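Let's take a walk through this structure together. Have a look at it first, and then we'll go through the parts one at a time.

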Amino acid sequence: MSATARVEERLFQNRYLVDSGRPHIKIKPHDVPSRALLAMTRLCPVGCYSLSDSGQVEISADGCVECGTCRIVTQSTGELEWNYPRGGFGVLYKFG
Amino acid sequence: MIEERFDAIVIGAGPSGNAAAYTLATEGLKVLQIERGEYSGSKNVQGAILYADALEKIIPDFRDDAPLERHVIEQRIWTMDDSSHTGMHYRSDDFNEDRPNRYTILRAQFDKWFSSRVRQAGAILLCETTVTELVKDLQGKVIGVRTDRGGGPILADVVILAEGVNGLVGHRSGLRPEIAPDSVALAVKEMHFLPRETIEARFNITGNEGVVIEAMGTITKGMTGTGFLYTNEESISIGIGCIVSDFAESEVTPFELLEAFKNHPSIKPLLVGSECKEYAAHLIPEGGYKAIPQLVGDGWIVVGDAGQFVNAVHREGSNLAMTTGRIAAETVVSLHRRRIAMTRENLSAYEQGLAKTFVMKDLRKYRGIPALLHANKANFFGLYPQLISQAMQTWFRVDGVDKVSKEKAIFRSFRTGRTLGGLIGDAFRLVRAWR
Ligand SMILES: Cc1cc2nc3c(=O)[nH]c(=O)nc-3n(C[C@H](O)[C@H](O)[C@H](O)COP(=O)(O)OP(=O)(O)OC[C@H]3O[C@@H](n4cnc5c(N)ncnc54)[C@H](O)[C@@H]3O)c2cc1C
Ligand code: SF4
């Protein structure tokens, strides 16, 4: 346990079955992200969201734990297309 | 795929879905249960304390083979500031009883076990399958579901939605509104492994005895939320959660919040030398009584987290999930036996059944708490924990200052921290919300 731990290191411990090429969350094209979408770059518990050099929010959903936080936060802005991964894919908890 | 027609379809295989499917199958109904995970539990996260009573009412002999970690003999409730904790500990040998009332569990393993009992009882379980929508007839009555496996709809007399907090199916079918960001918490949790002897020495326990800690204070950095630490056989579950809208306004990330909690001087020694083997996150519906949506309609019933059945004050959820699942199933069984249609009116017997249980009574009792904590979060999760810590420090530090002066200093610090009117007001509001 170190004070400088990064979330990426934690995700190596988790089991996932990634549905390659079929991301279950998509961000609709945008010029300027809403405050809610921008907040996801901090709020996603596994750090799926990042900010591109040109100021758009991007997602890489491979480490997603399907919590639904981004769905709830952006519900009124409609910037996300959010679905569960196909049955059987995604995170697989051993302990929960 | 499945061409048959079922008496009931249950969406989800968490505690609410398993309780419902088990009860229906035991009573001889033809049940199909659909779960999107590889197995029941593979998508689920909990602290996790299991309350025996709710499960005992469904499977009385569960203790014989359910995977239980430790039975709780000691409960610690901590108010924390950045360098201290003020605790209430209750420990009793009475909890070393033949049929303990609380256990720690690992959800992935517990759910798998519960699910095996559901299948033994005769329900058909379809895993790795996500329900995409409800199928309705021309009158708007729910008559079945569609899944991501394609094919035609699967039909049933009634659909029980046990799909958990996100509730996509019910929400997208227009049965209930989306959850508001201020009535749902995001919790992050890690599993830390240690040899069982180390856990027993650190927590002063033997055999299968367990200790649980619930914590609040500046650990949530002014946000409405709580932390927890539970002992399992060979691991420690540690986590912290805050209301999503608070997180959205804050600069702290959930991961950093958990790291800071783990590094708190009161927590760190309990985790020393451990190996983290899993990092999880999940939402908890915390809107309480006022957030409960419509629960029944023509051909459908909602149970568990999808119906907002969580008592956030007492950290109870899985027991409400199992109880609502059981009562929903009993309602369906009773209508089925009497060949009465599964209409909204007839299914409302479920709501009447719930009203008689602890589920509705407790949620009603605490209906004012979520709004109260939220409106006064700076006091309850910042100022008061700090004041309590200062008071304790003043009181216990022996430094040549006389006790009368110390009492005065403590009183003064409360008065300057919060006006007397403010203090009394908060106390009054808390008591009123509690009643
Ligand atoms: C960090 C944390 C700590 C907690 N601690 C405690 C505690 O100590 N004690 C306690 O009693 N409660 C606790 N709770 C609350 C408890 O976990 C929940 O109340 C309980 O799990 C709700 O059960 P459920 O069956 O309604 O939902 P869930 O357990 O979420 O189960 C829903 C199931 O439905 C499946 N599903 C969802 N959508 C679909 C779909 N479209 N198609 C197919 N399957 C689907 C999911 O994969 C899942 O298996 C805690 C919760 C969290 C997050
Ligand atoms: S669902 Fe949760 S884990 Fe997945 S991207 Fe959204 S916030 Fe991150």
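## How chain B is laid out

Chain B splits into domain 1 (6-67 + 104-180 + 288-365), domain 2 (182-285) and domain 3 (369-433). Keep in mind that what you're looking at is a predicted model.

How far apart are the centres of domain 1 of chain B and domain 2 of chain B? Taken over C-alpha atoms, the separation is 28 Å. These two domains do meet: 17 residues of domain 1 of chain B are in contact with 21 residues of domain 2 of chain B. Between them, domain 1 of chain B and domain 2 of chain B bury about 1600 Å², and carbon and sulfur atoms give 61% of that area.

## Who surrounds ligand 1

Now for the ligand. There are 39 residues around ligand 1, and the closest are B:Ser16, B:Glu35, B:Arg107, B:Asp305 and B:Ser318. The site is shared between chains, because the residues that surround ligand 1 come from chains A and B.

What kinds of residues make up the shell around ligand 1? It has 18 nonpolar residues, 14 polar ones and seven charged ones. Domain 1 (6-67 + 104-180 + 288-365) and domain 2 (182-285) of chain B each give at least three residues to the shell around ligand 1.

## Up close with the ligand

Zoom in and you can pick out some individual atom pairs. A polar backbone atom of B:Arg36 sits 3.1 Å from a nitrogen atom of ligand 1. Two side chains can be picked out as well: B:Asn44 has a polar side-chain atom 3.1 Å from an oxygen atom of ligand 1, while B:Gln46 places a polar side-chain atom 3.1 Å from a nitrogen atom of ligand 1.

How much of ligand 1 does the protein bury? On its own, ligand 1 exposes 1000 Å², and 97% of that is buried by the protein. In chain B, the elements that give two or more residues to the shell around ligand 1 are α1 (15-26), β3 (49-51), β15 (275-285) and α9 (318-337).

## A helix residue and its partners

Next, find B:Glu56, which belongs to helix α2 (residues 52-56) of chain B. Setting aside its neighbours within four places in sequence, B:Glu56 is in contact with B:Phe62, B:Arg63 and B:Arg99. With B:Arg99 there is also a polar contact of 2.6 Å between the side chains.

## Two backbone details

The loop between β2 (31-34) and β3 of chain B holds B:Ala48. Look at the peptide bond from B:Gly47 to B:Ala48: it is cis, with omega near 20 degrees.

The other spot is B:Lys221, in the loop between β12 (209-217) and β13 (225-231) of chain B. Although B:Lys221 is not a glycine, its phi is positive, at about 55 degrees.

Definitions and conventions: Residues are numbered from 1 along each chain as its sequence is written. Chains are lettered from A and ligands numbered from 1 in the order in which they are written. This is a predicted model: local features need pLDDT of at least 70, side-chain atom pairs count only at pLDDT 80 or more; totals for chains, interfaces and linings use all residues. Side-chain values use heavy atoms; hydrogens and water are left out. A residue is near a molecule or strand if one of its heavy atoms lies within 4 Å of it. A polar contact is a pair of N or O atoms within 3.5 Å; within protein, one must be able to donate a hydrogen and the other to accept it, and residues adjacent in sequence count only if both atoms are side-chain atoms. Accessible areas come from the Shrake-Rupley method with a 1.4 Å probe; for residues, only the protein chains shown count as cover. Helices (H or I, at least four residues) and strands (E, at least two) are DSSP runs, numbered from the N terminus. Ala, Val, Leu, Ile, Met, Phe, Trp, Tyr, Cys and Pro count as nonpolar, Asp, Glu, Lys and Arg as charged, and the others, Gly among them, as polar. Domain bounds come from an automatic or database domain assignment. Contact means heavy atoms within 4.5 Å. Buried area is the accessible area (1.4 Å probe) that two parts lose on being put together, summed over both.
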